[in-house]
Amino acid sequence: MEALNERLFLQHEADLMLEIILNRRDVRGNRFTSLPIEQEKIDQILLAAVNAPSVGFSQPWEFVVIKSQQIKEQVKATFKEENEKASALFKDEKQQQYNRLKLEGIFEAPLNIAIFYAAADVPVLGQTSMNEVGLYSVVCAIQNMWLMARALNIGMGWVSIIDPEKVKQILKAPEKNKLVGYFCLGYTNGFLQQPELELLKWENRKKVSEMIFKETY
């Protein structure tokens, strides 16, 4: 007989979860403090990540926890290279605004974490028609990690302006692994009330009605 989990959550717990979700922020380097993160909290964040849903119970994620200044310097170098390329894609006032943005916190954050997708070498249940759902499973782990970090009042920022192959080499990742995300984590001097790019008018928030459809498009 299957053992059932009888734990039912109360409305105030659901409300708290929604509050955490709505207050999650992408934290930049101008907001991190140098205060180290306690190991038990790092463990909690990683535990939340590895308990994310994964199609076929594949658990295709692998994490590299980085505190080394030497490694951070190498990753920062690839950020600088890619950021110059990115800046050139924008024009006029948009480029000027882009150049003023602080888009990473590699040095400022006491902790960096790289997250990889380690694809299975054999067919995986549920991934035979849509193989990419293995990759999506890793994104679920990232979201779990981000929400647990926020619940612990720890900031987290996604650094996507990097060369994934160079970062793989820096971290000596297996050839088959795919870098999905590189993140900076640390305590902050405060969480913004709205996402920073919304406050700066880089993008406007979409209306819920623009994103949700009934039955078909």
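Residues are numbered from 1 along each chain as its sequence is written, and side-chain values use heavy atoms, without hydrogens or water. Because the model is predicted, local features need pLDDT of at least 70 and side-chain atom pairs count only at pLDDT 80 or more, while totals for chains, interfaces and linings use all residues.

Student: Which residues touch the most other members of the largest nonpolar core?

Tutor: A nonpolar core is a set of buried Ala, Val, Leu, Ile, Met, Phe, Trp, Tyr and Cys residues joined through side-chain atoms within 4.5 Å. Buried means under 20% relative accessible area, exposed over 50%, and partly exposed in between (1.4 Å probe, protein chains only). The largest core holds 24 residues, and those touching the most other members are Met145, Ile154, Met156, Phe183 and Leu185.

Student: Which element gives the most to this core?

Tutor: Helices (H or I, at least four residues) and strands (E, at least two) are DSSP runs, numbered from the N terminus. At least two residues of the core come from each of α2 (39-50), β2 (111-117), α5 (133-151) and β4 (178-186). The element that gives the most, with 6 residues, is α5.

Student: Is Ile106 buried or exposed?

Tutor: Ile106 is placed in the loop between α4 (92-100) and β2. Its contacts (heavy atoms within 4.5 Å), leaving aside neighbours within four places in sequence, include Lys72, Val75, Phe79 and Tyr182. Because its relative accessibility is 0%, Ile106 counts as buried.

Student: How many residues apart in sequence are the parts that Lys176 and Asp121 tie together?

Tutor: The side chains of Lys176 and Asp121 meet in a salt bridge (3.6 Å, N to O), a term for a side-chain nitrogen of Lys or Arg within 4 Å of a carboxyl oxygen of Asp or Glu. Lys176 lies in the loop between α6 (164-170) and β4, and Asp121 in the loop between β2 and α5, so the separation of the parts in sequence is 55 residues.

Student: What is the relative accessible area of Lys85?

Tutor: Lys85 and Glu82 form a salt bridge at 3.1 Å, N to O. Both residues lie in helix α3 (residues 69-87), 3 residues apart, about one turn of the helix. Glu82 is buried, with a relative accessible area of 17%, whereas Lys85 is exposed, at 52%.

Student: Is Arg205 buried or exposed?

Tutor: Arg205 forms a salt bridge with Glu198, their closest N and O atoms being 2.9 Å apart. Glu198 is buried, with a relative accessible area of 18%. Because its relative accessibility is 57%, Arg205 counts as exposed.
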